[in-house]
Amino acid sequence: MRKVLWCLLTALVVQMLFSVGVGGAQTGSGNDVVDVVEISGDLNGILASFIVDSIERAGDDGSIALVLQVDSSRTTLSDDELVELAQVIHDAPLPVTMWVGPSGAQARGGIAQLAGVADDLALAHGSRLGDTGVAVIDADLMNDDYAAVRSRLVDDTISAADAVALGIGREAPTLPFFVLDLPGFRSGIDTSGDEPTRTPLSSVRFAKLGLLDQYMHTAASPAVTYLLLLAAGVLLIFELYTAGVGIAGVVGAACLLLGCYGLTAQPFSWAGVAFLLVAAFGYCIDIQTGVPRVWTAIATVCLAIGSLSLFDGFGFDGLAAGWVATISGFVGVVLAMMVGMPAMVRARFSLPTIGREHMIGAIGVAPEGISTEGVVVIDGAPWRARATRASKIAPGDSVEVMAIEGLVLNVAPIEETEPSQPSS
């Protein structure tokens, strides 16, 4: 057991070292190193701070250049934050370059605007650049060639070949190809094989977000934020109808905190949050009754509106969280609230002994009356009920259970069940 724990601890330390850029196949410091930082996922405040810190660290170490390895299709930074980041890249004490790769990578939105500020730009085969949206970075911060063609990239993307034709970048199928051609990077010729090949003499140092920052960066993406908020609502409502504080409550609280953090890291709509809160309130009311009713319908409509309007200012085909996450989250919540929760509540508040013999003859109250079907309360627990024969049960009438069909009780008014008194 101690050996297993030691191996796990060692693996964790190694992962932490790699997360902050310490270690790797090639390491080094001084003026013979190229720093490579990975930029993937949404460009948000966490990644922006990571870029700024990486530039400062590389500048202090006297590195040859800093390479941003980019695969990012959305930006959640405000316009002012994006301009500040562009200014930091423009004023960096060393060349800041950008490689959009590997094949299939995207550089869209704000990161595509930052490509015009980079000292060198290259794209891998199959990668795309553009769809910048309205330009917020001043042309004075960009190189002249990129500034001249950026109007074409507002709502369109280009390939590596297009970037070469427009004179704003070059093709680099892999990261080593890009790094080998950076000014100041030393390489040699290896003639030991059948054909001479270029080999790096300078070092390459890789860095990526630390473990905690990776988790927070993931939580700040629209899809994950939306699902975290839905999970928090379901778990906390579940905990509301159980005794004590259990795992569901703790996990739900954690999901709520992470979801709230995700909201603060990106543009969101307070109206969308309000609709989600009303949905949770509505579901709570009808879960108590044990059957879906008018509040369930209201809650479902509010859930749909809140899901579609939660985020503001950006989107994926009109929906920031993405259709897959939104539809999955919506359907999951509706099923949980209309099927799972009522069954759980009936089990939670039902009598200790459940059976036909025990329930038949039980006395309860119909709080809202029953014409054909409705709800009766027996020993504080709500049950779906059906009036026997053509009985009309008025609000507040006492009823007796005559039979059970599945989870539905057949009930009749008390006066109908009382034996008739003999005439004197």
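Two strands pair if DSSP finds at least two bridges between them. Helices (H or I, at least four residues) and strands (E, at least two) are DSSP runs, numbered from the N terminus. This is a predicted model, in which local features need pLDDT of at least 70, side-chain atom pairs count only at pLDDT 80 or more, and totals for chains, interfaces and linings use all residues. Residues are numbered from 1 along each chain as its sequence is written, and side-chain values use heavy atoms, with hydrogens and water left out.

**Strands**

Strands β1 (residues 33-40) and β2 run parallel, joined by seven bridges. Within this pair, Asp35 stands opposite Leu66 in β2. Strand β2 spans residues 65-71 and is mostly covered, with six of its seven residues buried. Buried means under 20% relative accessible area, exposed over 50%, and partly exposed in between (1.4 Å probe, protein chains only).

**Two loops**

A cis peptide bond joins Gly101 and Pro102, with omega at about 5°. Pro102 sits in the loop between β3 (96-100) and β4 (106-108). Asp131 belongs to the loop between β6 (128-130) and α5 (144-149). Its phi is near 50°, a positive value in a residue other than glycine. Asp131 counts as partly exposed because its relative accessibility is 33%.

| Residue | Backbone angle |
|---|---|
| Gly101–Pro102 | omega about 5° |
| Asp131 | phi near 50° |

**Helix α10**

Helix α10 (residues 247-264) has 18 residues. From first C-alpha to last it reaches 26 Å, close to the 26 Å expected at 1.5 Å a residue. That expected span is 1.5 Å times one less than the number of residues. Ala248, Gly249, Gly252, Cys255, Gly259, Gly262 and Leu263 are buried in α10. They cover an arc of only 140° around the axis, so they lie on the same side of α10. The arc is that of the directions from the helix axis to the C-beta atoms. On the other side, Ile247, Val250, Leu257 and Thr264 are exposed.

**The second largest pocket**

About 400 Å³ of space lies in the second largest pocket. On a 1 Å grid over the protein atoms alone, a pocket is an open set of points where a 1.4 Å probe fits, with protein on both sides within 12 Å along at least five of seven lines; lining residues have an atom within 4 Å of a point. Of the 20 lining residues, Leu229, Gly233, Leu276, Leu277 and Ala280 are the closest to the centre. Helix α9 gives the largest share of the lining, seven residues.

Definitions and conventions
Grid points are joined across faces, edges and corners, and a volume is the space filled by probe spheres set on the points.
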